[in-house]
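Reader: I have a model open and want to learn how to read it. Can we go feature by feature?

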Amino acid sequence: MKRMKQFFSMFLVMFLVLSVISPNAASASKVRPSLKAVTTQVTSPIYQSKSTHSKKVATVKKGATVSIVSEAKGWSYVTYGSKKGYMVSKSFTPKQNEMATKKSVSLYSSTSSKSHKIKTLFPDIEVLVLKEYRSWALVQFGGTSGWMAKSHLKSRVKKPVIKAATVQTDVSIIYVSPSTSAKEVSTLKFGDSVVILSEAEGWSHIRFGQVTGYMISKDFTPEETEFATTHSSIVYYDTSSKSEKVMTIPANAIVTVLKVYRSWSLVQYESQVGWMATRYLVLQDTNPEPDPIEDEPTPPTVPEEPTVPEDPNAEFKQLVKASYEKVSQSNDWQEQSVEVLRLVNLYRVENGLKPLVEKQNLLEFALFRWDDMKTNDYISHDSPIYGSFYEMGGKVGIGIDRLSTENIAWNQMTPNQVFEVWKYSLYHNATMLEPNYTHTGIIWKDGLAVQVFEEDL
């Protein structure tokens, strides 16, 4: 009986020990990637605490290696030589972090092929590059992250977004199925815009109001498809200059227009396809005048009196000037607007960027935008009266052949609140930290802030 009690006691002790060990053993099987050292992707300060307003301990140049002690809520606690402090975690994220695998590749728990193998990715798998360290990249795929050789990554190939298109033929028919012998659902005319749901084998599945059906895809292609660019032009993935940039087409280049949507054209240049502003295209002269025959005398050319072309945007420019003069009569906005700009520029400098310089035409345009929103009681980048920001800017020469945009904030009570609401908004923060922007115009008055950005060519 005594032996039975001893055996039962030993069994109970072993059971308790195993019950404590087993959870640890299970958790040990979940391997997380080691994050001991990373490479900075931008020149970035080290702060004493988790705030860009705290004391700077040091400044780390782009390409330098720092050791990461811990990470939390967008901040990394790092050591850099004898210096210790906090850096913004995004300082280690490469600018182009959406990549794809070139071939089958293994993910490891640290920057060594001898470390634990986490997962194998197949070719052409899209991944996010979170950080880099020398020849290694920390990537994320789904809920898994690990280290892989950077040489096995390539730029992600994206097709341009085709959400909508504008009819380019005099009459276009919507069919119930992709066949010209199918039942006709409706008829559209030149200039009507439809939503494209999908495309296949020369047909577009579309929606027009409450009507859905199929249209011949060529109905969205202009009759003349060969055009030349009037300026060096940026081509985007979507019908927005805020979307990802595909390429820059030089002036006088010949492009093929595949589709039109309102003021945008889907163009093909060499092997690449994307959207660009239609206003930068002119019809290519396919029938140039023949050279004069040498034997025939050419009649003398009588010079015409030079004429000054009428500016089609003169009236709009006057509206901008009038708004600027009206708002400028009061100086109750200048000091607080300067403070917002100071905070934005301080933030840019902290992130290794040059401060923005105020420019008169951008200031006038910012005051016009503020006056338009206040007068017509709306908050938007598109005016219900004058069109989109880019249409308005183009009329006064803003954003022509260069990047431009604006940040808006409303119902903010202090300059710091304006800056903070922009900082913690993904789009507005990216605008403030866009390295290509060099000039600005800004106003904050009566709870509404408008800042216009533009790059200098």
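**Reading a hairpin**

Author: Start with one residue pair in a predicted model. Tryptophan 264 stands opposite alanine 277 in S25.

Reader: Which strands pair there, and in what sense?

Author: S24 covers residues 264-269 and S25 covers residues 272-277. They pair in the antiparallel sense over six bridges.

Reader: How many residues lie between S24 and S25?

Author: Two residues separate the strands of this hairpin. Glutamate 270, in the turn, has a positive phi of about 55 degrees.

Reader: What about side chains along a strand?

Author: In a regular strand they alternate between the two faces of the sheet.

Reader: Give me the overall counts. How many helices and strands does the chain have?

Author: Seven helices and 32 strands. Of the 457 residues in the chain, 39% are buried. The accessible surface comes to about 27,000 Å². Carbon and sulfur atoms hold 54% of that surface.

Reader: And the contacts? What share comes from residues 24 or more positions apart?

Author: Take the contacts with a separation of 6 or more. Residues 24 or more positions apart account for 58% of them.

Reader: How do S31 and S32 pair?

Author: S31 spans residues 437-445, and S32 spans residues 448-455. Their pairing is antiparallel, over eight bridges.

Reader: How do I read the faces of a helix? Which residues of H2 are buried?

Author: Sort residues by relative accessible area: buried means under 20%, exposed over 50%. H2 (residues 314-328) has 15 residues. From first C-alpha to last, H2 reaches 21 Å, close to the 21 Å expected at 1.5 Å a residue. Its buried residues are Phe316, Val320, Ser323, Tyr324 and Val327. They cover an arc of only 100 degrees around the axis, so they sit on the same side of H2.

Reader: Now single residues. Is methionine 392 buried or exposed?

Author: Methionine 392 lies in helix H5. It is buried, with a relative accessible area of 0%. Beyond four places away in sequence, methionine 392 touches residues including Phe316, Phe365, Phe368 and Arg369. Asparagine 313 is 79 residues away from methionine 392 in sequence and 9.7 Å away in space, C-alpha to C-alpha.

Reader: And isoleucine 254: where is its place?

Author: In strand S23 (residues 254-261). Isoleucine 254 is partly exposed, at a relative accessible area of 38%. Its C-alpha is separated by 6.7 Å from that of glutamate 226, 28 residues apart along the chain.

Key
Residues are numbered from 1 along each chain as its sequence is written. This is a predicted model: local features need pLDDT of at least 70, side-chain atom pairs count only at pLDDT 80 or more; totals for chains, interfaces and linings use all residues. Side-chain values use heavy atoms; hydrogens and water are left out. Two strands pair if DSSP finds at least two bridges between them. Helices (H or I, at least four residues) and strands (E, at least two) are DSSP runs, numbered from the N terminus. The expected span of a helix is 1.5 Å times one less than its number of residues. Buried means under 20% relative accessible area, exposed over 50%, partly exposed in between (1.4 Å probe, protein chains only). The arc is that of the directions from the helix axis to the C-beta atoms. Contact means heavy atoms within 4.5 Å. Accessible areas come from the Shrake-Rupley method with a 1.4 Å probe; for residues, only the protein chains shown count as cover.
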